Amino acid sequence: MKVVSLALHPVVVSRRYGTVIAQQGGKAKKSVAKSYFYFVEVKTDNGLTGWGEMSDIDFDKLPKNVADYADALAAFMKGRNPFDLQKLHHDISEHFDIADDSLARAAACALDMAMYDLIGKYAKRPVYDLLGGAVRKDVVISWVAYIREELDLLRDEIRERVKQGFRAFKLKVGVDIDLDEKRLALTREVAGRDAIIKVDANAGWSVKEAPRNIRRLHKYQLAGVETPVPREDPADIAAVRKQVDVPILEHVGNLEYALALIKAKAIDVMNISLSGAGGLFPARQIVALAQAARIGVLVGSTVELGPGTLAQLHFAATIPNLTLPSDLIGPGMYTDDVLVRPLQYQRGRLAIPRGIGLGENMDRQKMRELKF
Ligand SMILES: [Mg+2]
C-alpha cells in the first residue's frame, strides 16, 4: 500500500459564542468567533482513502497559497506506506518544526491521523484496535465554559448542559479573580454537589498569586487546576503545586517536557491531545510515560470538529490511566460539522466509534458548503 495523492479541503465553522480565555500576564486573549480547518484527504494505490484534520488553525498562520501548501504536503507523503509510522514521524521531526510552529504541528497530527485511518481501513478494524484495543466504551466529557462577563449567559449555558446530562465542567479563568469566583460559585450551584469541576487559568496567574487564587476557588471543590502559571519552567508549576491540595494539570505535547514535569514533581495529571502531540503515535508514547510515573491523563482539545474528535476518541479508548473527564467539546461548540452522522453527546459522554478506520464518513457536500 502506497500513498498516491493528497488533497486539502479548507473549512470554516462558527462557534456558538465568541470564546475568551486568559493569557500570560492575566489579560484576556482576543475572542474567537470561528475556527479554520484543513481536512487532508489521502489516497492509496489500492483504492483506499484516509482522512486527517488540521484543527482550529490560527487565522494568521494560514498559508497564503493553499494550493502550494497542499502540493508540499503531497510531495512529502507520496510513495509512503501508511504502516511506516516510525519513519513518518522521524521525517516529520526532520522537516517540520512541530515544537514552535502550530501549523506544522496541526499538519503532523492530520497526516498521522490519515495514516491510522488508512491502516484501519486496510485491516478492516477500528483505529483503537491498532493501538492495543479499547479499555472503555465511552469517554466522560467536561463541558468547557469560556470567560463571559454576563453571569446570566453562564447560568443558561451550564443549565442547558446539565439538562443534557453533563456532570463535568471546566471553567476558563485567570483574567479577573473576583469574576472567576462568582462564575465558579454559580457553576457549582447549578451543576450540583457531585459535579466534577476543573478550572484552567491558561497561565494567567503569577507564581505568587496562583496559590492564593487556587485556595480561594477551592471553596467550591475543584477537581483540578490547569496551567495556573506560565508553563515554560516546571519548577514554577511545582512551586505552586507544593502550596495547594488541588491536583495540578498541564498540557504535555512531547516526551522531553513530560520527563521534565515528572522530574520536577510539577503535576498530577497530563492533558494530552493529538493536536498538541502531533498525532496518535507520539501521543501514545507520552501516555506510557505518564503510566510509568503513576500520573493521570485526560484528553485535551484544541476544539476539533467531528473527524478530529473521532481520532481523539480512539486515543481515549486505549488510555488505562484516564483519570479525569476529557475536554472534547468541539461537536457541541461548533454550529456545524463535516461528518455524515455528527457525533452526539449522551449523558455527558461520547461513545467510542465502532466502525473501521476512524469510524464515520465525511460529508463532502458539507465540506463544500463550509469552504473558505
Ligand atoms: Mg488548557
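1. Two strands are taken to pair if DSSP finds at least two bridges between them. In this predicted model, S10 and S11 meet that criterion, pairing in the parallel sense over four bridges. Within this pairing, Asn271 stands opposite Leu298 of S11. Helix H11, residues 280–292, packs on the sheet and touches both S10 and S11, and its direction makes about 175 degrees with that of S10.

2. The sheet to which these strands belong is open and has seven strands in the order S5-S6-S7-S8-S9-S10-S11, with parallel pairing. Its edges are formed by strand S5 (142–145) and strand S11 (296–299), each of which pairs on one side only. From one strand to the next, the twist averages 25 degrees.

3. Further along that order, strand S9 (residues 248–251) is parallel to strand S8 (residues 224–226), to which two bridges connect it. Glu226 has Leu249 of S9 as its bridge partner. Between S8 and S9 the chain passes through helix H8 (residues 234–242), and this β-α-β crossover is right-handed.

4. S9 also runs parallel to strand S10 (residues 269–272), joined to S10 by three bridges. Here Glu250 is bridged to Met270 in S10. The chain reaches S10 from S9 by way of helix H9 (residues 255–263), in a β-α-β crossover that is right-handed.

5. A second open sheet has three strands, ordered S1-S2-S3, and its pairing is antiparallel. Strand S1 (3–19) and strand S3 (49–57) are the edge strands; each has a single partner strand, so one side of each is left without a neighbour in the sheet. The twist in this sheet averages 20 degrees from one strand to the next.

6. Tyr36 is positioned opposite Ile57 of S3. Helix H1, residues 66–77, packs on this sheet, where it touches S1 and S2, and the direction of H1 makes about 130 degrees with that of S1.

7. Turning to helix packing, helix H2 (residues 85–95) and helix H3 (residues 102–123) have axes 11 Å apart and pack at an angle of about 170 degrees. Because angles over 145 degrees count as roughly antiparallel, H2 and H3 are therefore assigned to that class. From H2, the residues Leu85, Leu88 and Ile92 meet Ala108, Leu111, Asp112 and Met115 of H3. By class, this contact comprises six nonpolar residues, one charged residue and no polar residue.

8. What is the angle at which helix H5 (residues 151–163) and helix H6 (residues 177–191) pack? The angle is about 30 degrees, and the axes of the two helices lie 10 Å apart. Since angles under 35 degrees count as roughly parallel, H5 is roughly parallel to H6. The crossing of these two helices is right-handed.

9. On the H5 side, the contact is made by Leu151, Leu154, Arg155, Ile158, Arg159 and Val162. H6 contributes Lys182, Arg183, Leu186, Thr187, Val190 and Ala191. The contact of H5 with H6 divides into seven nonpolar, one polar and four charged residues.

Methods: Residues numbered from 1 in each chain as written. Predicted model: local features only at pLDDT ≥ 70, side-chain atom pairs only at ≥ 80, totals over all residues. Right-handed = clockwise from strand over helix to strand, strands pointing away. Axes fitted to C-alpha atoms, helices over the stretch in contact; angles between N-to-C directions. Parallel < 35°, antiparallel > 145°, perpendicular 65-115°, else oblique. Left-handed = near helix turned anticlockwise from the far one by under 90°. Contact = placed C-beta atoms within 7 Å. Nonpolar A, V, L, I, M, F, W, Y, C, P; charged D, E, K, R; others polar.
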